[in-house]
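Colleague: I'm new to this one, and I'd like to learn how to read its features. Could you take me through them?

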Amino acid sequence: MKLDGNIAKDSSYLYSEHLGRLFSGVLKPIHRLLSQTGSLCLACGSRISAQIPGYPELCLSCYSSIPWIMQPRCSVCGRHVGCPDCSRTGGTPRCFVINRSSVAYDASMRQWLAQYKYRGHEAYGAVLARMMARAVEQMKNELGFQKSLFDAVTFVPLSEARWVERGFNQAEQLARGAALTRGRNGNSLPLLNLLTRTRHTDKQSFKSRHERLKNMQGVFQALPDASERLAAVAARSQGTFSDHGGAIRLLLVDDVYTTGSTIDACAAVLQNICSELGESGEIYSLTWARS
């Protein structure tokens, strides 16, 4: 039996179209995979040959060189090497419970943060935020589940001069990553803006420990509605913080921990906010890097 010429052409066209759809369905995922692995590493600029789960922006070499702090040597500040500050006798009591950090602040991490904070390389923001979320989970595991039920996440505020200079607060962006961890109800933790910086301070990196502590005196204050914002979180938690002894448990976030002067000054103000609600405050610190 001989097919009519038009019917044969139609059949050939339909068959070709079917093959086209079939190969398109097979090749598109492959093309997507190749285009992803063929992208350039955010940190070193080399071509990515293999995907790193959770960090598609980084090549294997750069990811492998991240100096994660897995086992802090100092149980207070979370430092990965010997800590003279926390072992010093006769010091004033700290206003925060402990600090933990995601990474050690080595030369490569200093470069990453500089790219993000000062050179407007926004792509680093998502990477650093994911590193913070990982650090929260590690912190929760270390403390135990009952001690890891944070009521909210807050962050070190930026001065107006720094805001004009950068256009964003890196501590707030890192806090967004930390807040992704799950709270009591299974949702992400509330992210609260509770503090303000009353005056601009010089860069801390060039100061001695004594100068840093003195420089931070009176720098931070509570925002006018800070207690109301925290009370609203309490209301959503059935109005109490009885899950951990009646204390309000806050996670305070910043980018780098050096002497702890900034964290301590903020923690003191946060404790006062908690007192206004008739509750004690437990302030835990989480920073992206520990110097």
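Modeller: Let's begin with rings: those of Phe, Tyr and Trp (its six-membered ring) pair if their centres lie within 6.5 Å, and planes under 30 degrees apart count as stacked, over 60 as edge-to-face and the rest as tilted. Here, ring pairs join Y55, Y63 and W68 in a cluster. A word on the source: this is a predicted model, where local features need pLDDT of at least 70 and side-chain atom pairs count only at pLDDT 80 or more, while totals for chains, interfaces and linings use all residues. Residues are numbered from 1 along each chain as its sequence is written, and side-chain values use heavy atoms, with hydrogens and water left out.

Colleague: How many aromatic pairs does that rule give? And why is the pair of Y55 and Y63 called tilted?

Modeller: The count is seven aromatic pairs. Y55 and Y63 have ring centres 5.4 Å apart and planes at 40 degrees, so they are a tilted pair. F150 and Y284 have centres 5.6 Å apart with planes at 70 degrees, so that pair is edge-to-face. F150 sits in the loop between α5 (123-143) and β2 (152-155) and Y284 in strand β6, so their pair ties together parts 134 residues apart in sequence. Helices (H or I, at least four residues) and strands (E, at least two) are DSSP runs, numbered from the N terminus.

Colleague: Which charges lie over the faces of Y55 and W68?

Modeller: A charge sits over a ring if NZ of Lys or CZ of Arg is within 6 Å of the ring centre and within 35 degrees of the ring normal. R130 does this for Y55, at 5.7 Å from the ring centre, and R134 for W68, at 3.8 Å.

Colleague: Is R290 buried or exposed?

Modeller: Buried means under 20% relative accessible area, exposed over 50%, and partly exposed in between (1.4 Å probe, protein chains only). R290 has 1%, so this residue is buried. R290 belongs to strand β6 (residues 281-290). Its side chain makes a polar contact (N or O atoms within 3.5 Å; within protein, one able to donate a hydrogen and the other to accept it, and residues adjacent in sequence count only if both atoms are side-chain atoms): R290 reaches the backbone oxygen of T258 at 3.2 Å.

Colleague: How many residues of helix α7 are buried?

Modeller: Seven of the nine in α7 (residues 170-178), so the helix is mostly covered. Among them are L174 and A175.
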